[in-house]
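Welcome! Take a look at the structure below, and then we will walk through a few of its local details together.

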Amino acid sequence: EGERAAAFSVNHATGAVLVTGILDRDFVPADFNLTARVSDGDPPARNSSAIQLRLHLLDVNDNAPIFAERNVMLSLAENATLFVPVGSVAATDADESNTNNSRVEYRLVSPGLTPQFTVDAASGAVQVVQELNYESAQTHQFAVEAYDLGSPTRTSALPALVTVQVTDINDVPPVITSNLTLAVSSLLQVGGTVADLAAYDPDTG
């Protein structure tokens with residue numbers, strides 16, 4: 001009886017309880033309390049009684065994780081400390097909470113392309129695991145996918161894209177480019193120029 005009971009019906013002849021509507025645990029409560037009435041004979045029934053049915057709707061793993069933010073921007077100095085979280089990605093799963101169907105873990109899509117970084121499977125924290133070098137690469141970009149622990153597992157349809165901008169530090173000494181072997185005339189007067197030295201610094205700024 002009641003509006004929610006419209007998803008079920010009872011076969012008058014056999015007493016079988018049948019599903020007559022769409023059951024989606026993501027949109028309806030998991031528990032149903034139904035009342036079925038039993039009567040004897042053809043209408044009008046002389047005697048009838050009621051029975052309470054309690055139904056619990058089990059969750060199936062029909063949702064994949066979805067990232068709250070698909071584009072994550074990070075800025076790190078090239079001397080960033082290794083194995084310390086520098087940012088994170090996060091995804092949620094609409095299946096029943098506190099079950100494997102909604103428990104989310106993370107992994108790099110192509111870990112071999114960016115060996116300087118890793119992502120913690122449980123927390124989604126991004127860590128630097130190899131030293132960065134601004135002079136070698138100013139930008140790193142990698143994709144992270146989320147997957148649940150249901151059976152069968154479901155993976156996020158769209159990954160999160162993490163972009164890391166590396167900032168320079170003053171870690172490289174200047175390099176002299178001039179020829180340091182000089183021939184100096186004995187006739188050179190005091191204050192005269194022996195040579196013009198040239199140098200450059202690979203750091204920026």
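## Before we start

Strands here are DSSP runs of E with at least two residues, numbered from the N terminus. This is a predicted model, in which local features need pLDDT of at least 70 and side-chain atom pairs count only at pLDDT 80 or more, while totals for chains, interfaces and linings use all residues. Residues are numbered from 1 along each chain as its sequence is written, and side-chain values use heavy atoms, with hydrogens and water left out.

## Two loop residues with positive phi

Phe83 sits in the loop between strand 6 (71-77) and strand 7 (85-88). Although Phe83 is not a glycine, its phi is positive, about 60°. Its relative accessibility is 56%, so Phe83 counts as exposed (exposed means over 50% relative accessible area, buried under 20%, and partly exposed in between, with a 1.4 Å probe and protein chains only).

Asn98, in the loop between strand 8 (91-92) and strand 9, also has a positive phi of about 60° without being a glycine. With 71% relative accessibility, Asn98 counts as exposed.

## Aromatic rings

Rings of Phe, Tyr and Trp (its six-membered ring) pair if their centres lie within 6.5 Å; planes under 30 degrees apart are stacked, over 60 edge-to-face, and the rest tilted. This rule gives two aromatic pairs. In one of them, the centres of Phe67 and Tyr106 are 6.2 Å apart and the planes meet at 40°, so the pair is tilted. Phe67 belongs to strand 5 (residues 66-67) and Tyr106 to strand 9 (residues 104-108), 39 residues apart. Both Phe67 and Tyr106 are buried.

## A cis peptide bond

The peptide bond from Ser151 to Pro152 is cis, with omega near 0°. Pro152 lies in the loop between strand 12 (139-148) and strand 13 (160-167).

Terms used:
Helix = DSSP H or I, 4+ residues; strand = E, 2+ residues; numbered from the N terminus.
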